[in-house]
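Good morning, and thank you for joining.

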Amino acid sequence: MAHPFAMSLLLLGLSATPALAAEQDPQTGFIMAPGWETVRNNCIACHSASLVTQNSGSREHWLSLIRWMQESQGLWAFDADTEKTILEYLSSNYGPKQDARRPSLRADQLPENPYRKKQS
């Protein structure tokens, strides 16, 4: 019989295993969640799927990107249901990343600015 301490460590390790990653479409890399087909059908008509999957943001961020593409890149207008589906999918599956960047340096941690004139 296994030693109780060893068994406890094994169980602890198993419970700390991350959940399995969501299933991805092999052709686009999109997470196969509700709305992914709508995103595929509308987004990769103009650009690669990786342009979507490498980005992240809130619903407002994704909406601003859609509006920019509509105003300056020739993206067609979506009906309300299609736009809602796209925004829900993108913000749920490619939402803001937590801790994606390191915190900004404090002023005392910054190197000396060689262009700043020194006070005499």
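What percentage of the 120 residues in the protein do buried residues make up? Buried residues make up 21%, where buried means under 20% relative accessible area, exposed over 50%, and partly exposed in between, with a 1.4 Å probe and protein chains only.

A word on provenance. This is a predicted model, in which local features need pLDDT of at least 70 and side-chain atom pairs count only at pLDDT 80 or more, while totals for chains, interfaces and linings use all residues. Residues are numbered from 1 along each chain as its sequence is written, and side-chain values use heavy atoms, with hydrogens and water left out.

The secondary structure comprises 5 helices and 0 strands; these are DSSP runs numbered from the N terminus, H or I of at least four residues for helices and E of at least two for strands. Taking contact as heavy atoms within 4.5 Å, 55% of the contacts between residues at least 6 apart in sequence join residues at least 24 apart.

I turn to the core. A nonpolar core is a set of buried Ala, Val, Leu, Ile, Met, Phe, Trp, Tyr and Cys residues joined through side-chain atoms within 4.5 Å. The largest has 17 residues, of which Phe30, Val39, Tyr89, Leu90 and Tyr94 touch the most other members. Two or more residues come from each of α2 (36–43), α3 (49–53), α4 (59–72) and α5 (80–93), and α5 gives the most, with 4. Leaving aside residues up to four places away in sequence, Leu90 touches Val39, Val52, Trp62 and Gly95.

Next, the largest pocket. Its lining has 18 residues, and Cys43, His47, Leu51, Leu65 and Met69 are the closest to its centre. α4 gives the most to this lining, with 5 residues.

Finally, the cysteines. How many disulfides does the model contain? The count is 0, a disulfide being a pair of cysteine sulfur atoms within 2.5 Å.

Thank you; I welcome your questions.

Technical notes. On a 1 Å grid over the protein atoms alone, a cavity is a set of points where a 1.4 Å probe fits but cannot get out, and a pocket is an open set with protein on both sides within 12 Å along at least five of seven lines; lining residues have an atom within 4 Å of a point.
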